[in-house]
Amino acid sequence: MKNISKLISLLLLVTLSSCAAWRAEETMKISKFPAEIAKKSKVKASINLILHEVHTGKALDIAKSKETKQASLDLIKKAYNESGVFEIVDQDSPSKQISIEISLVKKVESSLTRDFLTAVTLYLVPKRTSEYYTVNTKFIDKTGVLIGMVEKKETVVMWHQLFMAFALPFNYPSTTKSETLIDLNRASIMDAYTDGLFVELEN
């Protein structure tokens, strides 16, 4: 029994430490917003997220999609709150000045054959998974008029192999993917701000 427990622990360790992720950097990384964009009078905005996630040609099931949507929305709100430009309010808030409609398309592609080979060889045979992110953001004023739109894209590539454990401190997949989504929204905010979309709303 002890040997079985040790084997299970070993398999779990191999699985958790056999994957590392890197960004293609199609969108510039923004570690933090420049201080000058923060406003004393913040724009009151609501955020609505539409998520479409596909894994190797198959849409994610409804329950999993809801879970992913909420986690993604939390990261998106983090980016907007950190900007110093917005105060996030409810959709039906009478104080709302702008609606932010965000479409997040996430496509995950991998080889089913490679998935099988990697699993049966305990991650000695490597496999690659690519995640393609597209964030389309629409800024709509309280009269329903579209005042601007920004689209950002990024690709996260993950390699699954036993020896990827050495890259984990710097490229843990969940951290890389979370930072990618936050950065895509930071970049969208910066583009919209640079284009002057919020000038009238800030007055």
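Author: The dialogue below goes from the chain as a whole to individual residues. The model is predicted.

Reader: How many helices and strands are there in the protein chain, and what pattern does the chain follow along the sequence?

Author: One begins by listing the elements in order. The protein chain has 6 helices and 7 strands, and reading along the sequence gives α-β-β-β-α-β-β-α-β-β-α-α-α.

Reader: Which figures describe the burial, contacts and accessible surface of the protein chain?

Author: Burial is judged by relative accessible area, with under 20% as the cut-off. The protein chain has 203 residues, and 42% of them count as buried. For contacts between residues at least 6 apart in sequence, 78% join residues at least 24 apart. The accessible surface is about 11900 Å², and carbon and sulfur atoms account for 58% of that area.

Reader: How is strand pairing read, and in which sense do strands E2 and E4 pair?

Author: One looks at the sense of the pairing, the number of bridges and the partner residues. Strand E2 (residues 43-55) pairs with strand E4 (residues 86-88) in the parallel sense, over 3 bridges. Within this pairing, Lys44 stands opposite Glu87. E2 also runs parallel to strand E5 (residues 98-109), to which 11 bridges join it. There, His55 has Val108 as its bridge partner in E5.

Reader: What else joins Glu87 and Lys44?

Author: Glu87 and Lys44 form a salt bridge, with 3.9 Å between the closest N and O atoms. Glu87 belongs to strand E4 and Lys44 to strand E2, so the pair ties together parts 43 residues apart in sequence. Glu87 is partly exposed at 37% relative accessible area, and Lys44 is also partly exposed, at 26%.

Reader: How many salt bridges does a search of the whole structure find, and which residue forms one with Arg23?

Author: For each salt bridge one asks how far apart the atoms are and where the two residues lie. The search finds 11 salt bridges. Arg23 forms one with Asp183, the closest N and O atoms being 2.8 Å apart. Because Arg23 lies in strand E1 (residues 19-23) and Asp183 in helix H5, this pair ties together parts 160 residues apart in sequence. Arg23 is buried, with a relative accessible area of 13%, and Asp183 is buried at 5%.

Reader: Where do Glu82 and Lys78 lie, and which residues are linked with them in a network of salt bridges?

Author: Both Glu82 and Lys78 lie in helix H2 (residues 62-82), 4 residues apart, or about one turn of the helix. Their side chains meet in a salt bridge of 2.8 Å, N to O. Glu82 is partly exposed at 36% relative accessibility, as is Lys78 at 39%. The network links Lys78 and Glu82 with Arg23, Glu154, Asp183 and Arg186.

Reader: Is Lys152 buried or exposed, and what joins its side chain to that of Asp191?

Author: Here one places each residue in its element and then examines its surroundings. Lys152 lies in strand E7 (residues 146-160) and counts as buried at 17% relative accessibility. A polar contact of 2.7 Å joins its side chain to that of Asp191. Asp191 is in helix H5 (residues 173-194) and is partly exposed, at 32%. Beyond four places in sequence, Lys152 is in contact with residues including Thr27, Tyr133, Leu184 and Asp191. With the neighbours up to four places away left out, Asp191 touches Val150 and Lys152. The C-alpha atoms of Asp191 and Val150 are separated by 7.2 Å, although these residues are 41 apart along the chain.

Notes
Residues are numbered from 1 along each chain as its sequence is written. This is a predicted model: local features need pLDDT of at least 70, side-chain atom pairs count only at pLDDT 80 or more; totals for chains, interfaces and linings use all residues. Side-chain values use heavy atoms; hydrogens and water are left out. Helices (H or I, at least four residues) and strands (E, at least two) are DSSP runs, numbered from the N terminus. Buried means under 20% relative accessible area, exposed over 50%, partly exposed in between (1.4 Å probe, protein chains only). A polar contact is a pair of N or O atoms within 3.5 Å; within protein, one must be able to donate a hydrogen and the other to accept it, and residues adjacent in sequence count only if both atoms are side-chain atoms. Contact means heavy atoms within 4.5 Å. Two strands pair if DSSP finds at least two bridges between them. Accessible areas come from the Shrake-Rupley method with a 1.4 Å probe; for residues, only the protein chains shown count as cover. A salt bridge is a side-chain nitrogen of Lys or Arg within 4 Å of a carboxyl oxygen of Asp or Glu.
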